[in-house]
Amino acid sequence: MSNVERFTFSEVEPLVGMASLLPYLPLTLINGNTHIGVSCLLDTGSTVNVMPYNIGLQLGAVWDKQTIPISLSGSLADLEARALLVSARVGGFDPVRLIFAWTQSNDAPLLLGQVNFFMEFDVYFSRSRSFFEVQPKK
């Protein structure tokens, strides 16, 4: 198994074309026996991983059982969030534990940020060539 996986940027607005390409990473979130496939925006400017409410519910999480509050900033500052620890599998790599700021909003984006996605993986971006590479930390 290779220790690097390559992914292409995703076009999010067909009318804009190449200008709308963003680094969305397909991965599987795992909570107990529940596995769901998602696509997460890699956001190097986000301090934390962020998860919308409906994704947490799909994983079987219960809001009232998550007791650690998380403060969000920027456009998400008004949203209440709580820490949710799940596993995630990227490509063929072994699953890792990721901590998310689980919000009570379904409008919040699914983001992978500094804590702790970019602490678990190295990511190399080539925006001009429309790809990025991901590898587990060494």
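Which residues is Phe-117 in contact with, leaving aside its neighbours within four places in sequence? Contact here means heavy atoms within 4.5 Å, and the list runs to Leu-25, Leu-42, Asn-49, Val-90, Leu-98, Leu-112, Val-123 and Val-134. The model is a predicted one, where local features need pLDDT of at least 70 and side-chain atom pairs count only at pLDDT 80 or more, while totals for chains, interfaces and linings use all residues. Residues are numbered from 1 along each chain as its sequence is written, and side-chain values use heavy atoms, with hydrogens and water left out.

Phe-117 also turns up in the largest nonpolar core, a set of 32 residues. Such a core is made of buried Ala, Val, Leu, Ile, Met, Phe, Trp, Tyr and Cys residues joined through side-chain atoms within 4.5 Å. Along with Phe-117, it is Leu-25, Leu-29, Met-51 and Val-134 that touch the most other members. A second, separate core holds eight residues, among them Leu-41, Val-50, Ala-81 and Leu-111.

Then there is Glu-120, which sits in helix α2, residues 117–120 (helices are DSSP runs of H or I, at least four residues, numbered from the N terminus). Glu-120 counts as buried because its relative accessibility is 19% (buried means under 20% relative accessible area, exposed over 50%, partly exposed in between, with a 1.4 Å probe and protein chains only). Leaving aside neighbours within four places in sequence, Glu-120 is in contact with Val-96, Arg-97, Leu-98, Gln-135, Pro-136 and Lys-137.

Technical notes
Helix = DSSP H or I, 4+ residues; strand = E, 2+ residues; numbered from the N terminus.
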